[in-house]
Amino acid sequence: KFEFDDIQERKVRLTIHSSRLADAVLSKDSEKLYYIAKFDKDYNLWSTTLRTKETKKLMTIGASAGSLQWDKEMKHLFLLTKGNIYKVDLKAKKKEPIDITGEMILDVAAERECMFEHVWKRTKSMFYISNYHGIDWDAMKENYQPKLESVGDDFEFAELLSEMLGELNVSHCGARYYGSMSGGDKTASLGIFIDYDFEGDGIKIAEVINNGPLDKKHLSAAAGMIITDIDGEKIGRNVDIAKYLNRKAGKYILLNIYDPKEKTDKDITIKPISLGARRVLLYKRWVKQNEKIVEKLSDGTLGYVHIPGMNDGKYRDTYDKAMGKYFDKKGIIIDTRFNGGGDLVGDLTMFLTGDRFMEYAVEDRVLGVEPSYRWTKPSVLMVNEANYSDGHCFACAYQDLGIGKIIGMPVPGTCSFAGWEMLQNGNVLWGSVPISAKNKKGEWLENNQTVPEIQIKNMPGKIDKGIDQQLLKAIEDLMKTVEK
């Protein structure tokens, strides 16, 4: 029995460690807590004796998620994970699979009718503004529902929903097909830039990407060297190298590399990476290049951070750099170009609007300031056409609060919340906007772009040669501010 009077005063932490928690249940006598927790890679089943805090890992699940459920008598614990049900023997610390089989006849056309009705009805009830951006939503149903007869698969169904939802002219809205094909092609990467002007046989390395598969000291791979063989196959000059790298990510392959300077060749073994992992390396390379440009052109007086998404990790990275390596800089460039959104507008604006009000010092130098956890110096914000969602919210807030100048290109009006839902067939994700946002003037931000004080576009013929006109302008403008 629970005493509810003053229950808010009796909060206590049940576990002894922090973790990602998937589910938790109490034993019948309320003496033990059984929970599914993740500390590193996978979720596993743990128990804690609440009075003594004795904590044990009961069994390894090795899952990405899971849930727990007692039977009615709370004698047997059941685990649902990876689409399977297990009966858990807590004493023996074992789980026994429960086999379930069944068949049904599915009327796919009728299911799509049901899902179409659900999407239309839910959008009608949740859309953030009652005029539906001037669209007659009832008429949309009358127009699009008859087209279901011509839909042949889930991809076409997703396209039909996207067309109907697209009539609303709103961000965070539409439908996507998420079906997949097993055994499809997946080209791996060697982690290099290729010299496409090279006309001989093999692959001439233009650059070894930092921290890529070939960036190992003992391999001694460098620009100018030529990869002549992959797994014993000679590389012809007219052959797409993707042929040699299909589904090879994470697997050992053998390369023969020829060094024209030393006129020697050698065999090396590496593990190629996925194209997704390569994109991460290229992103880090781009950020480091920008940091070096800012350091050089500002003569070491400015800092630079790029925020690709609005999440806890990127906030910590920004805070770490601003209050660490850039603590003694006179100003900082906050680059949010290509920011895909999230929810960080409040944290970032608070961080960048610190007002220095106190110094801790001795006679000849300042030892510290207050606030010590907020940026109190000048900043500029870089944006472009690819800022989205909270990437737009932050640009608007930065401008409304007068934190500093915005430099770049206008940001599309997409400051809204997403309402994404996977439909019951597991192949189609759809969404619309349940909540949008207003600026300080009370104007809706959906379809209301934020225009930088300094508009400058990275032009073809410049940016492809490594000349970032927007970054150069940001350095120039912020230098004027910090030199006053």
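I began with C173, which is partly exposed at a relative accessible area of 21%; in my reading, buried means under 20% relative accessible area, exposed over 50%, and partly exposed in between, with a 1.4 Å probe and protein chains only. The model is predicted, so I kept local features to pLDDT of at least 70 and side-chain atom pairs to pLDDT 80 or more, while totals for chains, interfaces and linings use all residues. I number residues from 1 along each chain as its sequence is written, and side-chain values use heavy atoms, with hydrogens and water left out.

**Cysteines.** I searched the whole structure for disulfides (a pair of cysteine sulfur atoms within 2.5 Å) and found one. The bond joins C393 and C415, whose sulfur atoms are 2.0 Å apart, and with 105 degrees about the S-S bond the link is right-handed. Because C393 lies in helix 7 (residues 390-400) and C415 in the loop between strand 23 (406-408) and strand 24 (419-422), the pair ties together parts that are 22 residues apart in sequence; I take helices (H or I, at least four residues) and strands (E, at least two) as DSSP runs, numbered from the N terminus. C393 counts as buried at 13% relative accessibility, and C415 is buried with a relative accessible area of 4%. C173 is in no disulfide, the nearest cysteine sulfur being that of C415, 16 Å away.

**Aromatic pairs.** I counted 14 aromatic pairs in a search of the whole structure, where rings of Phe, Tyr and Trp (its six-membered ring) pair if their centres lie within 6.5 Å, with planes under 30 degrees apart counted as stacked, over 60 as edge-to-face and the rest as tilted. The F127 and Y128 pair is tilted, because the ring centres are 5.2 Å apart and the planes stand at 50 degrees. W286 and F338 pair edge-to-face, 6.4 Å centre to centre with 75 degrees between the planes.

**Charges over rings.** I required NZ of Lys or CZ of Arg within 6 Å of the ring centre and within 35 degrees of the ring normal. The charged end of K95 sits over the ring of Y86, 5.4 Å from its centre, and K147 lies over the face of Y144 at 5.9 Å from the ring centre.
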